[in-house]
Amino acid sequence: MKSIENNKLSNKERHLQSLKIAHEAIEYYLSNKSISLTKLAIKFGTTRTTLYHYMKNYNIAVRDMSKKYFYDKDFFNLINTEEKAYWLGFIYADGYISKDNHLEITLNSGDKQHLYKFRQAIKSNVPIKTKWVTLNGKRYKACRINVCCTKMCKDLIKQGVFNNKSLNIQFPKIFRANLIRHFIRGYVDGNGCLSTRNMVYISCGSKLFLESLQKVLIKKLDLTKVKIYSDKRSKNYAYAKVGEQGKLIRKYLYKDCKIYLDRKYCKVLPILTQLPLESKKV
């Protein structure tokens with residue numbers, strides 16, 4: 001009906017009507033920060049191009065609605081703090097970088113609070129969503145964070161995280177030696193187990209990664225060398241220590257640390273003030 005009425009208008013009348021709609025739309029746009037230009041055009045029955053040209057004439061900037069999420073894109077550019085080393089280790093274990101530069105971390109729903117810690121670390125407002133995953137024929141409730149940032153993903157790749165990393169991952173050599181324990185703690189929190197008898201169990205698809213990790217622990221704590229074995233249950237390689245040497249590893253990784261997975265830290269807490277830390281180099 002409107003199109004028929006518009007056809008009866010003169011060119012001057014149509015121009016004035018279009019101008020009136022544009023002014024109303026722009027006024028609405030300036031007072032409603034959450035609406036995009038496309039949705040604005042639909043709301044006022046005009047086109048995005050028309051509104052864009054009017055706004056350009058009045059020097060009104062068009063909001064980039066694709067940037068509604070923010071984050072510290074340079075967080076992994078340089079690994080120079082405990083927090084950065086820890087999250088690098090955790091992503092080595094539990095992170096995934098897609099080909100289109102999305103960083104995704106998916107955890108059991110019970111560890112959701114840990115994703116909030118990560119989000120706070122990268123100064124982000126990216127949503128943490130719940131999803132259902134199927135593993136070995138059973139469905140589990142999981143939580144996920146997905147960060148779409150090309151710069152962050154490229155920095156992580158530079159630090160050793162890449163697609164299909166599980167079988168070819170290598171122990172990093174590119175940050176300060178005093179941060180290595182925080183990196184290892186991050187990896188253990190993501191892909192390790194702290195069970196009875198003070199066991200420390202670390203799993204990885206790359207035997208080379210675990211061999212390098214063991215060398216670090218031997219150097220730091222004067223541990224005895226053990227065989228990196230193939231775990232038939234997980235189809236990965238595994239490194240394990242129990243007893244007194246397991247205690248040493250636990251205390252080395254978690255003593256006086258600021259960032260950790262709460263669930264695993266609780267298992268270590270009873271020994272942190274009981275066992276003296278004996279090491280060659282700390």
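This is a predicted model: local features need pLDDT of at least 70, side-chain atom pairs count only at pLDDT 80 or more; totals for chains, interfaces and linings use all residues.
Residues are numbered from 1 along each chain as its sequence is written, and side-chain values use heavy atoms, with hydrogens and water left out. Local features require pLDDT of at least 70 and side-chain atom pairs count only at pLDDT 80 or more, whereas totals for chains, interfaces and linings use all residues.

The chain contains eleven helices and eight strands (DSSP runs numbered from the N terminus, with helices being H or I of at least four residues and strands E of at least two). The C-alpha trace spans about 90 × 40 × 35 Å along its principal axes. Of the 282 residues, 42% count as buried (under 20% relative accessible area, with exposed over 50% and partly exposed in between; 1.4 Å probe, protein chains only). Among contacts (heavy atoms within 4.5 Å) between residues at least 6 apart in sequence, 65% join residues at least 24 apart.

The structure holds twelve salt bridges (a side-chain nitrogen of Lys or Arg within 4 Å of a carboxyl oxygen of Asp or Glu). In one of them, the side chains of Asp-111 and Arg-263 meet with an N to O distance of 2.8 Å. Because Asp-111 lies in the loop between β2 (102–108) and α6 (112–121) and Arg-263 in helix α11 (residues 262–272), this pair ties together parts that are 152 residues apart in sequence. Asp-111 is buried at 11% relative accessibility, while Arg-263 is partly exposed at 43%.

Helix α11 also contributes Asp-262, whose salt bridge with Lys-117 brings the closest N and O atoms to 2.7 Å apart. This pair links distant parts of the chain, since Lys-117 belongs to helix α6, 145 residues apart from Asp-262. Asp-262 is partly exposed at 35% relative accessibility, and Lys-117 is buried with a relative accessible area of 19%.

Lys-151 is partly exposed, with a relative accessible area of 30%, whereas Asp-155 is buried at 5%. Through shared partners, salt bridges join Lys-73, Asp-74, Lys-151, Asp-155 and Lys-158 into one network.
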